[in-house]
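Trainee: Could you walk me through this model, feature by feature? I would like to learn how to read each one.

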Amino acid sequence: MAIDPSREPIVVVDDLHIIYRVYGSTSGGKGTAATAMLRMVKRESGPQVKEIHAVKGVSFVAYRGDAIGVIGTNGSGKSTLLKAIAGLLPPHRGGVYTDGQPSLLGVNAALMKDLSGSRNIILGCLAMGMTMEETREKYDEIVEFAGLKAGFIDYPMSTYSSGMGARLRFAIAAARTHDVMLIDEALATGDAKFKQRSQAKINELRKDAGAVFLVAHSMDVIEETCNRVIWLDDGRMRMDGDPAEVIEAYISATTK
Ligand SMILES: Nc1ncnc2c1ncn2[C@@H]1O[C@H](COP(=O)(O)OP(=O)(O)OP(=O)(O)O)[C@@H](O)[C@H]1O
C-alpha cells in the first residue's frame, strides 16, 4: 500500500478482514436449554457456528486533518469498520494501525442511564482520560453545547429521548480533542439546529484532531463535513476519493 511521504499518516488499514461468529442451531430458536434438548433428541451435534464476513479486505491510509465520510447501504460494514478502527473488534486478517488513541463517540463515553446527565458528564470526561480539574473547567461548556431542556441535566439519562442522549454524548465527546475521532450516525438524531452546531464543532475539532471518521446516511452532512469519502459495498471498498465524485457514483449506483 502506498503512503504519501509528504503527509502524516494517522490511521493505516491494511487488508482488513472482520468476521463475526454467530452461534445458532439448525433447529432454529434461541440458545436455550429447550433448544439444546431438542438438538439432543434430534441427535444433532453442537450449535452451528455461522460466520458473517462483514469487512472483506479493506485498505486505506487516513492522514492528519482528514475528515472521512463512510457511506454504503445497510449492512455494508460501515459500523464494523469504525469499531475495528476503535480497537473494539479483532481483525480476522490484516490489521489497523493508529497513531494515538481512537475514540468511538458514544462508546468511549461509557455513559450510565441510571445516573443523571451531570454525573454522566463527569464519568464520561474521566473515562476519556481527562483529569477532575479539566472536567470541572469543561463542565459548563458541555452543558451549554448539549442544550438540554431546563432541569434535564439533573434527571437520570433513562428519562432522555434518544436525541437528547445523542446530544449529551456528542457534547461530552467534543469536550476534548481526539487523535482519531470516530462518529457513527451521531448527527442523525439531533434536530436541524443541533446538526448545524455539531457540524461546526466537528470542523473545529478536525483542526486539532488527527483524523475524523463519520458514518451517516445523510449525504448532505457527509458532503458538508468531509474532505474525503469511502464507499463500502458488501464489506468491500468500492471507491475512495473526493466527496462529490464518490457520492454521485454511489447515488447513481443505488438508485438504478
Ligand atoms: N454483532 C454482530 N454479530 C453478527 N453479525 C453482525 C454484528 N454486527 C453486524 N453484523 C453483520 O455484519 C454486516 C455489516 O454490518 P454493519 O452494522 O457494519 O453495517 P452498516 O453498514 O453499519 O449498516 P447500517 O447502515 O444498517 O448501520 C451485516 O451483515 C450485519 O448483519
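This is a predicted model: local features need pLDDT of at least 70, side-chain atom pairs count only at pLDDT 80 or more; totals for chains, interfaces and linings use all residues.

Trainee: In what order do the six strands of the open sheet run?

Mentor: Strands of a sheet pair through backbone hydrogen bonds, either parallel or antiparallel. Strands here are DSSP runs (E, at least two residues; helices are H or I, at least four), numbered from the N terminus, and two of them pair if DSSP finds at least two bridges between them. The order is 5-6-7-3-8-9, with mixed pairing. Strand 5 (102-104) and strand 9 are at the edges with a single partner strand each, so one side of each has no neighbour in the sheet.

Trainee: How many bridges join strand 3 to strand 7?

Mentor: Five, and strand 3 (residues 66-71) runs parallel to strand 7 (residues 211-215). Alanine 67 sits opposite valine 212 of strand 7.

Trainee: Which residues have the most contacts inside the largest nonpolar core?

Mentor: A nonpolar core is a set of buried Ala, Val, Leu, Ile, Met, Phe, Trp, Tyr and Cys residues joined through C-beta atoms within 7 Å. Buried means 20 or more other C-beta atoms within 10 Å of a residue's own, exposed means 12 or fewer, and partly exposed is in between, with C-beta atoms placed from the backbone. The largest core has 44 residues, and those with the most contacts inside it are Val70, Ile85, Leu182, Ala211, Val212, Phe213 and Leu214. A second, separate core of 13 residues includes Cys125 and Ile172.

Trainee: Which element gives the most to the shell around the ligand?

Mentor: A residue is near a molecule if its C-beta atom, placed from the backbone, lies within 6 Å of it. Helix 2 gives the most, with three residues. Strand 1, strand 2 (48-63) and helix 2 (78-85) each supply at least two. Among the surrounding residues are Tyr20, Ile52, Gly77 and Lys78.

Trainee: Where does aspartate 234 lie?

Mentor: Aspartate 234 is in the loop between strand 8 (228-233) and strand 9 (236-241). Its phi is near 50°, a positive value in a residue other than glycine. Aspartate 15, in strand 1 (residues 9-24), also has a positive phi, of about 45°. Aspartate 15 counts as partly exposed because it has 13 C-beta neighbours inside 10 Å.

Terms used
Residues are numbered from 1 along each chain as its sequence is written.
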